[in-house]
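The entries below follow the order in which I looked things up.

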Amino acid sequence: MQTFDSIAALCRAASVPADQAAREAAHRRWASLAHPLGSLGLLETMLEDAAALTGSAELDFSRRAVLVLCADNGVVAQGVTQTGPEATAAVARGLAAGRSPVCRMAQAARCRVVPVDMGILDFAPTEGVLSCRVGNGTGDITAGPAMSRAQAEQAVLTGAALAARQAGAGTTLLATGEMGIGNTTTSAAVACALLGRPAEDFTGRGAGLSDAGLARKVAAVRKALALNRPDPADPLDVLAKVGGFDLAGLCGVFLGGAACRVPVLADGLISTVAALCAVRLCPGAAKAVFASHVSVEPAGRAVLDALGKQPLITAGMRLGEGTGAVASIPLWDMARAVYAESYSFAQCGVEAYQPQGG
């Protein structure tokens with residue numbers, strides 16, 4: 001299993017260039033199949049990108065897992081959520097018991113669910129929840145930084161280690177998920193900082209806030225940005241000041257996936273904001289980021305645009321837990337089935353299509 005003793009070492013490992021020969025081999029494979037060229041759209045380019053990442057046009061996504069990183073956020077004290085932090089612990093236990101929404105979806109997608117405690121408030125060791133605690137919840141970002149820079153680095157390296165552990169165990173497709181009451185607030189703050197947008201542009205209703213609740217949430221994001229002054233040129237500074245342990249850990253998962261050459265499926269807003277942090281830290285990490293769906297949160301499309309990624313699914317989803325990422329896995333299976341098993345132009349006796357310009 002790969003190990004990373006520093007952010008610099010992790011970024012060096014994640015910066016290995018994509019394999020263009022493997023990409024071209026995958027493209028030739030698609031072009032040989034009996035179908036109009038490029039007619040499966042993103043399903044074709046997705047597998048070509050996966051070939052470039054893994055270094056092989058022989059693709060296998062049969063061993064998959066969703067890492068669900070769980071942590072609490074001190075900003076809930078500002079009335080920005082419908083529920084308190086006790087809900088994070090309750091859902092983490094539900095994940096361990098296999099009863100949460102992503103668990104049911106993952107069963108249908110033949111995907112393992114790996115719940116991880118990155119910093120759930122006052123959470124006791126629980127069977128089925130991997131303990132990788134960085135702290136006992138973060139600070140209230142309206143009163144000061146969420147965490148120290150050292151904690152942000154620890155969380156990122158922890159996420160990378162989680163990805164490396166999965167790769168070492170033979171996982172060939174990683175999905176990302178999270179659970180943490182208040183994390184749409186922290187994600188909005190991080191997105192605002194990285195993309196230079198005001199709080200009202202990127203702050204949404206999360207799990208269904210009223211107008212009054214939304215106003216409190218916008219005010220909290222605005223205050224956190226003004227007070228902490230996160231540096232958009234320094235993603236670790238942004239994560240430390242206005243992020244969360246789950247966000248920082250997910251950032252590390254994307255970096256670890258790039259280092260270990262395993263495709264990582266981004267979920268919704270929280271996950272894609274983490275991916276943006278990873279790419280800002282290490283542009284080479286972009287090759288491992290695969291968008292599953294576009295969140296209906298206000299920043300959802302803007303963050304994907306900043307990443308240069310197109311979502312497979314547009315379904316109005318905003319549940320979290322990795323549900324959008326897992327929902328996209330059957331599309332990977334169908335794409336690979338055509339890619340690996342469909343007959344060719346030669347086999348069906350039809351003259352191959354040729355690219356035509358104009």
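**Core**

I began with the largest nonpolar core, which has 120 residues, and I listed those with the most contacts inside it as Leu47, Met118, Val156, Leu255 and Trp332. I took such a core as a set of buried Ala, Val, Leu, Ile, Met, Phe, Trp, Tyr and Cys residues joined through side-chain atoms within 4.5 Å, with buried meaning under 20% relative accessible area, exposed over 50% and partly exposed in between (1.4 Å probe, protein chains only). Helix 11 (residues 245-260) gives the most to this core, with 11 residues; helices (H or I, at least four residues) and strands (E, at least two) are DSSP runs, numbered from the N terminus.

This is a predicted model, in which local features need pLDDT of at least 70 and side-chain atom pairs count only at pLDDT 80 or more, while totals for chains, interfaces and linings use all residues. Residues are numbered from 1 along each chain as its sequence is written, and side-chain values use heavy atoms, with hydrogens and water left out.

I then looked up Val156 and, leaving aside residues up to four places away in sequence, found that Val156 touches Ile7, Leu10, Leu236, Leu239, Ala248, Cys251, Gly252 and Leu255, where contact means heavy atoms within 4.5 Å.

Next I traced an open sheet of 6 strands with the order 3-2-1-4-5-6 and parallel pairing, two strands being paired if DSSP finds at least two bridges between them. Its edge strands, each pairing on one side only, are strand 3 (130-131) and strand 6 (289-291). Strand 1 (residues 64-71) and strand 2 (residues 112-119) pair over 7 bridges in the parallel sense; Leu69 stands opposite Val116 in strand 2, and Cys70 has Asp117 as its bridge partner there. Strand 2 also pairs with strand 3, in the parallel sense over 2 bridges, and here the bridge partner of Val116 is Leu130 in strand 3. I noted that strand 2 is mostly covered, with 6 of its 8 residues buried.

**Helix pair**

I checked helix 10 (residues 235-242) against helix 12 (residues 269-281): their axes come within 9 Å and cross at roughly 145 degrees, the axes being lines fitted to C-alpha atoms over the stretch in contact, and angles running from 0 to 180 degrees between N-to-C directions. Pro235, Leu236 and Leu239 of helix 10 make the contact with Cys277, Arg280 and Leu281 of helix 12.

**Whole chain**

Finally, I recorded 16 helices and 6 strands for the protein.
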